[in-house]
Amino acid sequence: MLARILRIPSWLLPLVLGALLIAAPWLGISAGTRRLLLLTCVLALVASGLNLSFGYTGELALGQTAMYATGAYLTGYLAINWVNDLALLILVAAVAALLVGLVSGVPGLRLGGWSLAMTSFFLVLLVPQFLDLLERFTGGAVGLVGIPAPELFGSRLGPLGFYVVVAVLTVAWFALIRNLITSRHGVAFQVLRESPVLASSLGISVYRMKLTAYAVGAIPAGIAGGLFAYVDKYLSPHSFGFTMAVTVLAASILGGAKSVYGPLVGAAVMQYGPLRSTDFEQYAQIVYGIFLIIAGTLVANGLAGLANQAIRRLRARYAPPEEIPRSTDPGELPPLTGARLEVSDVQKSFGGLRALGGVSLTAEPGRITALIGPNGSGKTTLLNMICGYYRTDAGTIRVGEQDITGAATHKVARTGVARTFQTPLFPEHITVREAVAAGVYMPHYVGMPSSILRLPNYRRAAAADRADVDAVLRLVGVTHLADTEAASLPLGTRRMLEVARALVSRPKVLLLDEVASGLDTDEIERLADLVRAIRDAGTAVILVEHNFGLVLSLADTIYVLAQGELVATGTPAEIQTHPRVLAEYLGVSQEAKA
Ligand code: ADP
Ligand code: MG
């Protein structure tokens, strides 16, 4: 019985709860409870926007309160002075909030770092001043009074009708957000939170993606504001101050910032708990502050995180997934073409430290070019220069006919340069299949609207991606792990997954940074076969590696770097006997050999 319940698909429960939320008035709830549910929906919508930018992309931004205020006052004012049509005004509120999101997000995100947190924080602090300044429209400190009861398409909505509209909109929003988060855009958000370096190396523009998350997150705040204007038909600046910003943050963190439905839980707890009491207001900020510190340290993933963890444990115990046999079917390599990589006289200094002093290197398609050298000799730095993560001080880098010197990382990725990292990078809570699929963010890109609405072109692209990804998973021999959390796997498997992720983007140039370190002999053998297959398919492979034996067996050409300078170049046979390599890199002195 329990096993049966634990096996129901994960979308079913939210669907049932959503239907219950909409049908609540017919289940004999009081008018007071209905109002609390209304306010829960409103707060959940605002917090859901925060989850997108803060929870999913990892950019702390508190501007949602400003967007919420924009939606509320605009709707209130227009309902009094223009037309009182709920559908139209909610649309206006959503668009206005989106604009506020874009305008307030651009400068903060352009500057990077903590700038958006700061600018959005100040934006929220300024809301009451703005409302005062625009007193003619907002009623200033007195508030905006006389908002009429809502009308929808010409007919008046009673309290019941209004409740149903709010509940339906809320359920619809959460369904769309779920689609967004489970699409490749959602995975891209999470990749971004894990590591901007990783995200850009997969072709994701960090700036655009963060702005998108922040701006899309503005939409539910605007809608919530519009709805809130009709709840009491009165708006006061008190509802939009710093306390509101902290309330939203508390609802998000309590419910689970990295979860789709968490804000509903967080908002319900806030509405039924602290926000209910009117005496509470004067202590609100202190209580929230303490609460946020406790919640932030104890339940990092909020109530939704706790629930997920409990379900996962119960599943593992009472309804373990059926054992998927390890596939013996060797998957196929995706069709690959290569491009020549040419690094000419590239220099890079970090402060006074000269990391690369004029390095030139050519990697031919269909060849493995190894780059070896002691720790700190500049190998990773050179890969970072090729990827556009660091700017060159001098020199040029070309891929095929294209000059990529100074191009942004995500643009370099889009020319067909893929890489793996010295420390494998995988976001938490992402399955192996999703993690590997993240590698194809750019080639057949389907827009966010299609993804959210699951239009036919999204379904087609998703099916094609899935087939590609499954083939690569077979190739790498991890089909049986497809639904396991990638970040929880052993190092050896994660290294193979990084190669798999790079492969699905069909790289022309593949950069492997210390890809064999930490692997056992079997794994190294499998990896070597895979790298040879990629080479034979035509990709230019650059292999940075410490395992000298592996390098000798794999490489067609070897470059030896020491203290940022090339000391030798040649075939494995030449390098193996090169006196300087023996002396400097392998630590064998000439006399010892003699
Ligand atoms: P390798 O990968 O060959 O072990 P790296 O390329 O990581 O070496 O490092 C080369 C040198 O550049 C080292 O001395 C390292 O400390 C320095 N370095 C690398 N990245 C940075 C950075 N972002 N800032 C300052 N120094 C750096
Ligand atoms: Mg390195």
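Visitor: Which strand and which helix each supply at least two residues of the shell around ligand 1?
Guide: Bearing in mind that this is a predicted model, the two elements that each give at least two residues to that shell are strand E4, covering 353-363, and helix H16, covering 379-386.

Visitor: And where does the largest share of the shell come from?
Guide: The largest share comes from H16, which contributes three residues to the shell around ligand 1.

Visitor: OK, which residues surround ligand 1?
Guide: The surrounding residues are Phe 350, Leu 353, Ala 355, Pro 374, Asn 375, Gly 376, Ser 377, Gly 378, Lys 379, Thr 380, Thr 381 and Tyr 390. By class, the shell around ligand 1 holds five nonpolar residues, six polar ones and one charged one.

Visitor: What polar backbone atoms lie by an oxygen of ligand 1?
Guide: A polar backbone atom of Gly 378 is 3.0 Å from an oxygen atom of ligand 1, and for a polar backbone atom of Lys 379 the distance to an oxygen atom of the ligand is 2.8 Å.

Visitor: What about a nitrogen of the ligand, which side chain lies by that?
Guide: That is Tyr 390, with a polar side-chain atom 2.9 Å from a nitrogen atom of ligand 1.

Visitor: Which side chain does Asn 384 make a polar contact with?
Guide: The side chain of Asn 384 is joined to that of Arg 419 by a polar contact of 2.7 Å.

Visitor: Changing topic, which residues make the nonpolar surface patch?
Guide: Leu 13, Val 16, Leu 17, Leu 20 and Leu 27 make a nonpolar surface patch of about 470 Å². Leu 17, one of these residues, is placed in helix H2, residues 12-23.

Visitor: Why is Leu 17 called partly exposed?
Guide: Leu 17 is called partly exposed because its relative accessible area is 49%, and exposed would need over 50%.

Definitions and conventions: Residues numbered from 1 in each chain as written. Chains lettered and ligands numbered in written order. Predicted model: local features only at pLDDT ≥ 70, side-chain atom pairs only at ≥ 80, totals over all residues. Heavy atoms only, no water. Patch = residues over 30% accessible without salt bridge, like charges linked within 9 Å, V, L, I, M, F, W, Y side chains within 5 Å. Areas by Shrake-Rupley, 256 points an atom, 1.4 Å probe, with all protein chains shown as cover. Salt bridge = Lys/Arg side-chain N within 4 Å of Asp/Glu carboxyl O. Helix = DSSP H or I, 4+ residues; strand = E, 2+ residues; numbered from the N terminus. Buried < 20%, exposed > 50% of the residue type's maximum accessible area, 1.4 Å probe, protein only. Near = heavy atom within 4 Å. Polar contact = N/O pair within 3.5 Å; in protein donor to acceptor, adjacent residues only side chain to side chain. Nonpolar A, V, L, I, M, F, W, Y, C, P; charged D, E, K, R; others polar.
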